[in-house]
2 protein chains.
Amino acid sequence: MRLRIDLAYDGTGFSGWAKQPELPSVQARLENALARAFRIPESDVRTVVAGRTDSGVHATGQVCHVDVSDELMAPLRGDGFAETATRRLRGALGKSSAIRLIAVTEAPEGFDARFSPLRRRYEYRIADGRSTKDPRHSNHTLWIDESLDGEAMNQLGQSLTGLHDFASFCRQREGATTIRTLEQHSWQRDDDGVLIGTVVADAFCHSMVRSLVGAAVAVGKGAASVDEIVKLRDALERTSVWKTMPAHGLTLVEVEYPPAAELAARAEKTRGTRELPSD
Amino acid sequence: MRLRIDLAYDGTGFSGWAKQPELPSVQARLENALARAFRIPESDVRTVVAGRTDSGVHATGQVCHVDVSDELMAPLRGDGFAETATRRLRGALGKSSAIRLIAVTEAPEGFDARFSPLRRRYEYRIADGRSTKDPRHSNHTLWIDESLDGEAMNQLGQSLTGLHDFASFCRQREGATTIRTLEQHSWQRDDDGVLIGTVVADAFCHSMVRSLVGAAVAVGKGAASVDEIVKLRDALERTSVWKTMPAHGLTLVEVEYPPAAELAARAEKTRGTRELPSD
């Protein structure tokens, strides 16, 4: 039996999603809670995640899956399975508000948290010279002194979308493709004047969102033109014209899956496209 | 010369506004920065604040004043006084985002941060059983499992407004009046379903906002009726029907002052009304 787990977290206190020896990670906390909630030996709990967030990155719509034996789940079976499982895992996660368990459900046939998604949506928050800087939000908002040209950032976003090789925005990994479909990259100001960047793609290679934001900030400051950035993208080489922006401004807000009937086919297709997929 | 200082802070790491030996406070941090920014001996810096926030309470619209000698300010005088003074005090406050200096300006004649205000506006955030619980906002939002009846909370709010003795909502202090004009106490849900309480009065006695919120929560849970709470208010005695709600959900969002010409008269009136005023 496969469980789908939807969760949110404040990444501030974590060294990212992925388990690492001696460091606090969301995965380690969750797997420990799963083991206690469902009485599984901890070494048997292996979660597979949709978005492997870096140290300090937040999530409001993270998804992972874990396989559990039918026998262990048998006592929870029945009409209220999701409610019972959710309540039990919430209990095991404890009172801390750093991780919020949204729901545990039985995953449909063919569901794979990492390979089935149609798209992933990230948000990046920047309070610039024109924004109200709210200290209560500084855990998930980048503060900069300069005023940015949101219009120009939007233009860049539009110019970068589509199916492209994003090698110049990715930390290269041997054998991994850097071809992605960037579906959306747009900027708008909220009521506080905070610039909210939305970046959507089928998948992202490592540090890609924060590099795209860095390119937008370079354009927003007037340090680079849209044409320049597009040329640098097509040069497929790393550049110092933009920086990988700080982690704390970034949040994974949504992972979108196809209808149940198409899950397995989608996973098959994704595996085929990316030799060594990274998300 | 009197300076008006507008500032915002995340109260999480502070033992409140007021200076206390050995404990981190907003006032101590600010006075230390003022001394360094304007080269005043620290023992001569005495700030007077509009809202003496408790430990863990936040502010996005706090106001205080400080008196400084004309000689010390002489080098900064000129057209850009406010900009220069603001930049210098920001520099002295350093890189931390826990306190955000909004502005330093020369206060108009008769301005008193504590006694001149017409009204103070607080916000209290509750994510209940019907809200999305966002861990990125858990520093300034109370989480509760139950679902609250926002309509009933609103009705209570309306029933409590007006000029009344709020003794049953206040921690009593000898010689201090507990008569206040509660101008607004209302509740509405934001896009995440988070209940936002707005509480406005000319001034508040100690723990009054958090007690009013406690009464609203008791009504929202169905544990008390609006009539019951109104009777308990008129009984002028402390009660266990409601609790003083946790500090971290509370933010001082605005302090409103009259036009410059009425500042001194307003301060005079306030001093006359409250024998030992507390805000």
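This is a predicted model: local features need pLDDT of at least 70, side-chain atom pairs count only at pLDDT 80 or more; totals for chains, interfaces and linings use all residues.

Reader: Good to know. What rotation superposes chain A on chain B?

Author: A rotation of 180 degrees does it, with 0.0 Å of shift along the axis and an RMSD of 0.0 Å. That is the relation of a two-fold axis.

Reader: And which residue of chain A comes closest to that axis?

Author: That would be A:His137, whose C-alpha sits 3.6 Å from the rotation axis.

Reader: Nice. Changing topic to helices: at what angle do H1 and H3 of chain A cross?

Author: Helix H1 (residues 26–38) and helix H3 (residues 81–93) of chain A cross at roughly 125 degrees, and their axes come within 8 Å. H1(A) and H3(A) are therefore oblique to each other. Their crossing is right-handed.

Reader: Which residues make that contact?

Author: From H1(A) they are A:Ala33, A:Leu34, A:Arg36 and A:Ala37, and from H3(A) they are A:Arg88, A:Leu89, A:Gly91, A:Ala92 and A:Leu93. The residues of this contact divide into six nonpolar, one polar and two charged.

Reader: What about H4 and H6 in chain B, at what angle do they pack?

Author: Helix H4 (residues 150–160) of chain B packs with H6(B) at an angle of about 30 degrees, the axes being 10 Å apart. Angles under 35 degrees count as roughly parallel, so H4(B) and H6(B) are roughly parallel to each other. The crossing is right-handed here.

Reader: And who does the touching there?

Author: H4(B) brings B:Gln155, B:Leu156, B:Ser159 and B:Leu160, while H6(B) brings B:Val226, B:Ile229, B:Val230 and B:Arg233. The contact of H4(B) with H6(B) has five nonpolar, two polar and one charged residues.

Reader: How do H4 and H6 of chain A cross?

Author: In chain A, the axes of helix H4 (residues 150–160) and helix H6 (residues 226–235) come within 10 Å and cross at roughly 30 degrees. That makes H4(A) roughly parallel to H6(A). H4(A) passes H6(A) in a right-handed crossing.

Reader: What does B:Leu236 contact, apart from its neighbours within four places in sequence?

Author: The contacts of B:Leu236 are B:Asp165, B:Ala167 and B:Ser168. B:Ala167 is 69 residues apart from B:Leu236 in sequence, yet their C-alpha atoms are 5.0 Å apart in space.

Reader: I also wondered about B:Asp6. Which strand is it in?

Author: B:Asp6 lies in strand E1 of chain B. With 19 other C-beta atoms within 10 Å, B:Asp6 is partly exposed; buried would need 20 or more. Leaving out residues up to four places away in sequence, B:Asp6 touches B:Val63, B:Ile102 and B:Ala103. The C-alpha atoms of B:Asp6 and B:Val63 are separated by 4.6 Å, though these residues are 57 residues apart along the chain.

Reader: Last one, on backbone angles. What is phi of A:Ser207?

Author: Phi of A:Ser207 is near 70 degrees, a positive value in a residue other than glycine. A:Ser207 is found in the loop between strand E9 (195–201) and helix H5 (208–220) of chain A. B:Glu22 also has a positive phi, of about 70 degrees, although B:Glu22 is not a glycine. B:Glu22 lies in the loop between strand E1 (2–9) and helix H1 (26–38) of chain B.

Reader: Is B:Glu22 buried or exposed?

Author: B:Glu22 counts as exposed, with 5 C-beta neighbours inside 10 Å. A:Ser207, on the other hand, is partly exposed, with 16 other C-beta atoms within 10 Å.

Key. Residues are numbered from 1 along each chain as its sequence is written. Chains are lettered from A and ligands numbered from 1 in the order in which they are written. Copies are superposed by least squares on the C-alpha atoms of residues with pLDDT of at least 70 in both. Two residues are in contact if their C-beta atoms, placed from the backbone, lie within 7 Å. Axes are lines fitted to C-alpha atoms, for helices over the stretch in contact, and angles run from 0 to 180 degrees between N-to-C directions. Helices (H or I, at least four residues) and strands (E, at least two) are DSSP runs, numbered from the N terminus. Angles under 35 degrees count as roughly parallel, over 145 as roughly antiparallel, 65 to 115 as roughly perpendicular and the rest as oblique. A crossing is left-handed if the near helix is turned anticlockwise from the far one by less than a right angle, and right-handed if clockwise. Ala, Val, Leu, Ile, Met, Phe, Trp, Tyr, Cys and Pro count as nonpolar, Asp, Glu, Lys and Arg as charged, and the others, Gly among them, as polar. A residue is buried if 20 or more other C-beta atoms lie within 10 Å of its own, exposed if 12 or fewer, and partly exposed in between; C-beta atoms are placed from the backbone.
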